[in-house]
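Thanks for coming, everyone. I have one structure to walk through today. Please bring it up on your screens.

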Amino acid sequence: MDPRRTFRSSVLAVAAAALLASGCTGGGSSSSASASTPDGAGAVAVAEPSEKLRPYYGQKLSWRECGASGFQCASLKVPLDYAEPGGESIELAVARKRATGPGKRLGSLMVNPGGPGGSAVGYLQMYAGIGYPAPVRARYDMVAVDPRGVARSEPVECLDGKEMDAYTQTDQTPDDAAETTLLTRAFQKFAQGCAKRSGTVLPHVSTVETARDLDVLRGVLGDRKLTYVGASYGTFLGATYAELFPARTGRLVLDGALDPALPARQVNRDQTAGFETAFQSFAADCVERADCPLGTGSERDASDRLKAFFAELDARPIPTGESRRLGEALATTGVLAAMYDEGAWPQLREALAAAMKGDGASLLTLADSYYERDPDGSYSNLMYANAAVNCLDLPPAFTGPKQASAAVGEFEKASPVFGRGFAWAALNCAYWPTPATGKPHRIEAEGAAPILVVGTTRDPATPYTWARGLASQLSSGRLLTYDGDGHTAYGRGSDCVDTAINAYLLEGTVPPKGKRCR
C-alpha cells in the first residue's frame with residue numbers, strides 16, 4: 001500500500017469514533033466567551049479584529065526549512081483565550097509548501113485532516129503537500145497549522161504509555177456491575193490525567209477557538225479570503241469558520257461532512273449505523289472469497305461469526321507475541337480501523353484469519369495504527385486531543401452508566417456487532433473536567449461564497465446523511481455525492497470526484513446540483 005495513503009488513512013481514522021478515547025465526534029461547538037450567543041446556540045459572526053487582536057494579525061512568520069525538501073515551518077502566536085486577547089498567548093505549529101507552478105499563484109490552501117486531533121502539519125508533509133493533484137499544488141501554497149491542543153501546538157497530554165495501554169484494553173462491553181465500575185473508573189482516570197497534565201489549555205481547545213486561529217493565520221499569510229480543504233472533523237472546523245467569518249470565506253471543500261445540528265447521542269448512534277454499513281460492505285466482499293475468515297455464506301453469517309469471535313476474546317484474550325494480549329476491545333478497534341479505507345480490507349482478512357487461529361499480532365497492529373502507538377510503547381497525543389475537543393464541543397451523550405446501559409438496545413439495533421461498544425464509549429464525556437461550551441445548532445453561514453460539501457454513501461465515520469444535512473443548512477452549500485466505500489472522497493481514486501473538486505478550487509466552478517460520482 002502507498003505509504004502516503006496509509007498515513008492519510010490512519011489520520012482520518014480518528015475522524016469520528018475514537019472508542020474509549022472519545023465517545024463523541026466534533027459537533028456543534030458554538031459557544032465561547034468571545035464568540036457566542038448567551039445560550040451558546042450558535043456562533044456570532046466576527047467583524048474586523050479588535051485593537052488587542054491586531055498585533056496577532058500583524059505578526060510576521062519566520063519561516064525555516066523543515067522535514068522533506070520544499071517544506072518550511074514557522075510558529076504562529078495566538079491568544080490562549082480570545083475573550084482576553086491581551087492575556088496569555090500560545091504558539092501553533094505552521095507548515096507550508098510553496099506553489100510549484102506553472103500558472104498564476106492563487107494564494108494559500110489550508111488543509112486539515114480531521115480528528116479532532118490529527119496533525120495537519122504531518123498530513124501536509126506526508127500526504128497533501130505531495131499527494132494532492134499536481135494542478136492544485138502548482139497554483140496554491142499548501143499550508144497547514146496543527147490546531148491548538150494537537151501535536152506540535154500546545155498538545156493536550158493525559159496518560160503515559162503504560163497507562164494508555166491499560167486504557168485501550170479496558171473492556172468496553174461490560175457484562176455486570178463490576179465491569180461497569182472498571183470502565184467508568186477508566187474514563188475518570190483518563191479525564192483526571194488530562195486535567196492534571198493539561199489544565200491550562202484544556203478549556204481553550206474548542207472548534208470556535210481553532211476557527212479563530214485559522215483566521216489569524218489567513219490574515220498573517222496575506223490572503224483576503226480563506227481557501228480550505230477539511231476532511232471529516234475538518235468539515236466542522238471549516239463550517240464553523242464560515243459561520244464566524246462569512247465575508248472572509250473563499251473556496252471551502254468539506255469532505256466527509258459532519259452535521260452540526262445533531263446532539264452527541266444521535267451522532268454516536270448514527271456513527272454506529274455507519275460502521276455497520278461499512279462492515280456489511282466488507283462482509284459482502286469477503287464472503288465471495290474462498291479464504292474469507294468469516295465464512296462464505298451470507299453477510300449475516302459473517303456478522304454472527306465476528307460477533308461470536310469478539311465474545312471469545314472477551315472471555316479469553318489471545319497472545320500477540322508481546323506482553324499485551326488481544327482482547328475484545330483491541331480486536332474491535334483493529335476491525336474498525338480497517339473500515340476507513342477499503343484498501344485495508346485484504347490486511348483485515350489476513351489479520352482476522354490469523355487471530356482466529358490464535359495469533360493476535362496483526363489485528364493488534366491495526367489497533368495500534370488507529371491509536372497512533374509507536375513500537376516503543378509511546379502514543380501520539382491524537383486521542384487526548386480528540387477527547388478534549390469533542391467533550392468541549394458538545395454536551396455529553398450520557399451523564400452516567402444507567403443512561404448508557406439503557407441505550408444499548410437502540411445502538412445494537414443500529415449495529416448488532418459494534419452497537420454495545422459504541423453505546424458505552426459514548427459515556428466518556430460524562431466525566432470530563434471542563435464543561436462543554438458548545439451546543440448542537442444549524443450552521444447557515446449566510447453571506448458566504450459557495451461551499452462544496454462532499455459525502456460518501458458508505459462512509460463509516462461520517463454517514464452520508466450528515467453531508468446532506470450540512471449542505472442543506474449552509475445558505476451557499478452544494479452537495480457532491482461519491483457512491484463508494486471508505487471515509488472521505490477526495491484523492492481516493494475517483495476521477496469524477498477529483499475533477500469536480502479541482503475545478504472548484506482552481507476555477508471556482510461549483511458542480512451542478514445532484515452531481516454524483518462513482
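I will go through the disulfides, the cores, one aspartate, some backbone details and a pocket.

Some ground rules before that. This is a predicted model, where local features need pLDDT of at least 70, side-chain atom pairs count only at pLDDT 80 or more, and totals for chains, interfaces and linings use all residues. Residues are numbered from 1 along each chain as its sequence is written, and side-chain values use heavy atoms, with hydrogens and water left out.

Disulfides, then. A disulfide is a covalent bond between the sulfur atoms of two cysteines. The search criterion here is a pair of cysteine sulfur atoms within 2.5 Å. How many turn up in the whole structure? Five. Count the bonded cysteines along the chain, and the pattern reads 1-2, 3-4, 5-6, 7-8, 9-10.

I will show three of them. Take C66 and C73, with sulfur atoms 1.9 Å apart. The S-S torsion of C66 and C73 is about 70°, so this disulfide is right-handed. Both C66 and C73 are buried. On that scale, buried means under 20% relative accessible area, exposed means over 50%, and partly exposed is in between, with a 1.4 Å probe and protein chains only.

Next, C158 and C194. Their S to S distance is 1.9 Å. The link is right-handed, with 100° about the S-S bond. It connects distant parts of the chain, 36 residues apart: C158 sits in the loop between strand 5 (140–145) and helix 5 (161–168), and C194 sits in helix 6 (residues 177–198). Helices (H or I, at least four residues) and strands (E, at least two) are DSSP runs, numbered from the N terminus. Both C158 and C194 are buried.

Now C496 and C517, S to S 2.0 Å. Which hand does this one have? The torsion about the S-S bond is about -60°, so the C496 and C517 disulfide is left-handed. C496 is in helix 18 (residues 495–507) and C517 is in strand 10 (residues 516–517), so the pair ties together parts 21 residues apart in sequence. C496 is partly exposed, at 25% relative accessibility. C517 is buried, at 1%.

On to the cores. A nonpolar core here is a set of buried Ala, Val, Leu, Ile, Met, Phe, Trp, Tyr and Cys residues joined through side-chain atoms within 4.5 Å. The largest one has 127 residues, and F190, L363 and F418 have the most contacts inside it. Helix 9 (residues 264–286) gives the largest share of this core, eight residues. There is a second, separate core of 33 residues, which includes C73, Y140, I501 and L506.

Contact means heavy atoms within 4.5 Å. Set aside its neighbours within four places in sequence, and the contacts of L363 are L326, A331, G334, V335, L348, A351, L352 and A355.

Now D165, in helix 5. Is D165 buried or exposed? Buried, with a relative accessible area of 11%. What does D165 touch, beyond residues up to four places away in sequence? R324, R373 and Y379. D165 and D368 are 203 residues apart along the chain, and their C-alpha atoms are separated by 9.9 Å.

Backbone details next. The peptide bond from G101 to P102 is cis, omega near 5°. P102 is in the loop between strand 3 (89–97) and strand 4. G115 and P116 are also joined by a cis peptide bond, omega about -10°. P116 lies in the loop between strand 4 and helix 3 (120–131).

Then the positive phi values. A151 is not a glycine, yet its phi is about 50°. A151 is in the loop between strand 5 and helix 5, and is partly exposed at 26%. E372, not a glycine either, has a phi of about 55°. E372 is in the loop between helix 13 (361–371) and helix 14 (382–393).

That leaves the pocket and your questions.The second largest pocket holds about 310 Å³ of space. A pocket, on a 1 Å grid over the protein atoms alone, is an open set of points where a 1.4 Å probe fits, with protein on both sides within 12 Å along at least five of seven lines; lining residues have an atom within 4 Å of a point. Of its 15 lining residues, L106, K225, T227, G250 and R251 are the closest to the centre. Strand 4 (107–112) and strand 7 (249–255) each give two or more residues to the lining. Questions, please.

How values were computed. Points joined across faces, edges and corners; volume = space filled by probe spheres on them.
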